[in-house]
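User: Hey, I've got a model open and would like a quick tour. Can you walk me through the fold and the packing?

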Amino acid sequence: PNPTPKDEMPTPNTPKGQIKFEVQLGAYEKDVPTKVLDKFFTIGNIKTHKTPDSKTRFTAGSFDDYKSAQVYKDELVQKGMEGAFVVAFNDDVLISVQDAIKLLENK
């Protein structure tokens, strides 16, 4: 069998690994604006992920279910992170939130 490249998005037929939901705060090619960094510091515990197109994705939180991630996203939006949205990972590979939910439903 051919190995799946690390940056390829699995489909719902992909075996379920460890599904995690996080809240994406932004993705930047170059330096993060100072104003945004200040907000990141108030949130704390920010994770970074490299994207296939050489950007750095910034996320916060780690949840086993979509609903908890959505509640946290709403809290972050109220704290000024207007563009925040929920993303999903299957064994640290970015997948669509819909695929993550389907994989969890089909355990």
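Analyst: Below we go through the fold, the helices and then the aromatic pairs. This is a predicted model, where local features need pLDDT of at least 70, side-chain atom pairs count only at pLDDT 80 or more, and totals for chains, interfaces and linings use all residues. Residues are numbered from 1 along each chain as its sequence is written, and side-chain values use heavy atoms, with hydrogens and water left out.

User: How many helices and strands are there in the protein chain?

Analyst: Three helices and five strands. From the N terminus on, the order is β-α-β-β-α-β-β-α. Helices (H or I, at least four residues) and strands (E, at least two) are DSSP runs here, numbered from the N terminus.

User: In what order do the strands sit in the sheet?

Analyst: It's an open sheet, ordered β2-β3-β1-β4-β5, with antiparallel pairing. β2 (46-50) and β5 (93-95) are at the edges with a single partner strand each, so one side of each has no neighbour in the sheet. On average, neighbouring strands are turned by 50 degrees against each other, direction ignored. Two strands pair if DSSP finds at least two bridges between them.

User: Which bridges does β4 make?

Analyst: Six bridges join β4 to β1, and the two run antiparallel.

User: Is β4 mostly covered or mostly open?

Analyst: Mostly covered: five of the six residues in β4 are buried. Buried means under 20% relative accessible area, exposed over 50%, and partly exposed in between (1.4 Å probe, protein chains only).

User: On to the helices. Where does α1 lie?

Analyst: Helix α1 (residues 34-43) lies across β1 (19-28), β2 and β3 (56-63), at about 150 degrees to β1. Helix α3 (residues 97-105) lies across β1, β4 and β5, at about 170 degrees to β1. For the angles, axes are lines fitted to C-alpha atoms, for helices over the stretch in contact, and values run from 0 to 180 degrees between N-to-C directions.

User: Which residues of α1 are buried?

Analyst: Val-36, Phe-40 and Ile-43. They cover an arc of only 60 degrees around the axis, so they sit on the same side of α1; that arc is taken from the directions from the helix axis to the C-beta atoms. The buried residues of α1 pack against β1, β2, β3 and α2 (66-78), with contact meaning heavy atoms within 4.5 Å. The face turned away from the buried side carries the exposed residues Thr-34, Lys-35, Phe-41 and Thr-42. Just after α1, Gly-44 has a positive phi of about 75 degrees.

User: There's a lysine in α2, Lys-73. Is Lys-73 buried or exposed?

Analyst: Buried, at a relative accessible area of 16%. Leaving aside neighbours within four places in sequence, Lys-73 is in contact with Val-23, Ala-84, Phe-85 and Val-86.

User: Okay, rings next. How many aromatic pairs do you count?

Analyst: Four aromatic pairs. Rings of Phe, Tyr and Trp (its six-membered ring) pair if their centres lie within 6.5 Å; planes under 30 degrees apart count as stacked, over 60 as edge-to-face and the rest as tilted. Phe-21 and Tyr-66 have ring centres 6.0 Å apart and planes at 70 degrees, so that pair is edge-to-face. Phe-21 is in strand β1 and Tyr-66 in helix α2, 45 residues apart, which links distant parts of the chain.

User: What is the relative accessibility of Tyr-66?

Analyst: It's 32%, so Tyr-66 counts as partly exposed, whereas Phe-21 is buried at 0% relative accessible area. Phe-63 and Tyr-72 form a tilted pair, 5.5 Å centre to centre with 50 degrees between the planes. Tyr-28, Phe-40 and Phe-58 are linked by ring pairs into a cluster.
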